[in-house]
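Me: I have a structure to go through with you. Could you help me read it?
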Amino acid sequence: MVSGPSGVGKSSVVDGLSRAVPFHFSVSMTTRPPRESEVDGVDYWFVTRQEFERRIAAGELLEWAEYNQDLYGTPRAPVIEQLAAGHHVVLDIENEGARQVRRSYPEAVLVFVLPPSLAVLEQRLRNRGDTADADARLAVAREQIAAAPDLFDYVVVNDDLDAAISRVADILASPAARPQSVTEETP
Ligand code: 5GP
């Protein structure tokens, strides 16, 4: 599971990772409106708050959290199917979701992607254009970074994208990160 502050480049790390290691990427559900480049069903499943709340009530989400006034969550069924098939599943989620995953899947490997510095992160967030949104995301990022050492198994600094990708690929390839069903079959 890959986490880290908004703007740190998690999507680029996950994209690059897909060329190095086979895995299923869990497409999250969110009430946030799509950004211009985002495609429904690829980047997120974009739903209304009412629909999201219905999914929570129906127990369809493996974890969910509120971030920057929107709801984000992981659809449960695809994760269970992929784990049962012995595949790695990669989630891109924030800290509260990571805590919930830790409770439901203690063997999950939690990776936090750190920016090279807060100044770099601030610049990346401001480049997206919305000042108020960038301020809010930066405030959350400070809290996420402070909490990361106690919550995550690995911290990877995204100072060089290729190096960050290969570090996460190594983590995924390590015995501790074997897909759950494979681990269960091992005597
Ligand atoms: P963004 O709006 O930048 O796409 O995402 C905002 C934050 O929500 C990021 O930290 C991202 O990792 C997190 N996030 C995305 N999907 C999920 C999810 O399914 N569950 C949780 N808990 N967080 C998510």
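Me: Which residues are closest to the ligand, and how many surround it?
Reply: In this predicted model, 18 residues surround the ligand, and the closest are Ser-28, Arg-32, Tyr-44, Tyr-72 and Asp-92.

Me: What about the numbering and the confidence limits?
Reply: Residues are numbered from 1 along each chain as its sequence is written. Local features need pLDDT of at least 70, side-chain atom pairs count only at pLDDT 80 or more, totals for chains, interfaces and linings use all residues, and side-chain values use heavy atoms, with hydrogens and water left out.

Me: Which strands supply the shell around the ligand?
Reply: β5 (61-67) and β6 (70-75) each supply at least two residues of that shell. Strands are DSSP runs (E, at least two residues), numbered from the N terminus.

Me: Changing topic: where is Glu-38?
Reply: Glu-38 is in the loop between β3 (28-30) and β4 (44-46).

Me: Is Glu-38 buried or exposed?
Reply: Glu-38 is buried, because its relative accessible area is 16%; buried means under 20%, exposed over 50%, and partly exposed in between, using a 1.4 Å probe and protein chains only.

Me: What does its side chain reach?
Reply: The side chain of Glu-38 reaches the backbone nitrogen of Arg-35 at 2.8 Å.

Conventions
Near = heavy atom within 4 Å. Helix = DSSP H or I, 4+ residues; strand = E, 2+ residues; numbered from the N terminus. Polar contact = N/O pair within 3.5 Å; in protein donor to acceptor, adjacent residues only side chain to side chain.
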